[in-house]
Amino acid sequence: MATTTPALTRESLGAWLIKTSPGSTSVEDLLAGGLAAVTTRCVRRSYRTDLIESDQPVLLWISGRDRQHPPGIHAVGRTTGAAVVDRDGQLVMPVELEPLSRPVPRAELLAHPVLSQLEVLRMPAGSNPSFLTHRHLDELRHGWPQAEAL
């Protein structure tokens, strides 16, 4: 019987990528407060959620067709602990996020030879959390100075 190798390991994780959309969350409200009120994001239980631990880089991806907040990376931050079940029974990733001075648009990532292969671009309907490898994170930092804080 063949064994499968997971797409992600602790060693290959560069950053988590969590998604939200204007249809499910008021992006305007999130960004208006500087994301200070965002302390958790819902995630889907999988082997990946067992890899979440404190102080890992996190990117916030906004999806959808909102002209004011086009798809792409809109915030960066860190995890503040392992995934936990909140009082509503949802599995959540604890985070601290800060808005980017300029979002990294999906269109620019699609035009990049390495970042065009990000899981969020290959499988946009995939569940939270998604991820970047170390190479992806290095390319992001190199090409978009506003993401260097990661």
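Four helices and seven strands make up the secondary structure of the chain in this predicted model. Read from the N terminus, the elements follow the order β-α-β-β-β-β-β-α-α-β-α. The chain has 150 residues, of which 44% are buried. Its accessible surface is about 8300 Å², and carbon and sulfur atoms account for 50% of that area. Of the contacts between residues at least 6 apart in sequence, 69% link residues at least 24 apart.

Strand β3 covers residues 57–62. Six of its six residues are buried, so β3 is largely enclosed by the rest of the structure. The burial holds for both directions in which its residues point: P57, L59 and W61 face one way, V58, L60 and I62 face the other, and all are buried.

Two pairings of β3 can be followed in the model. Strand β1, residues 13–20, runs parallel to β3 and is joined to it by five bridges. Within β1 and β3, I18 is placed opposite L60. Strand β4, residues 72–79, pairs with β3 in the antiparallel sense through six bridges. Here P57 has R78 of β4 as its bridge partner.

A further point of interest is E119, which belongs to helix α3, residues 119–122. Is the residue E119 buried or exposed? Its relative accessible area is 10%, and because buried means under 20%, E119 counts as buried. Leaving aside residues up to four places away in sequence, E119 touches R48, P124, S130 and F131.

Technical notes
Residues numbered from 1 in each chain as written. Predicted model: local features only at pLDDT ≥ 70, side-chain atom pairs only at ≥ 80, totals over all residues. Heavy atoms only, no water. Buried < 20%, exposed > 50% of the residue type's maximum accessible area, 1.4 Å probe, protein only. Contact = heavy atoms within 4.5 Å. Areas by Shrake-Rupley, 256 points an atom, 1.4 Å probe, with all protein chains shown as cover. Pairing = 2+ DSSP bridges.
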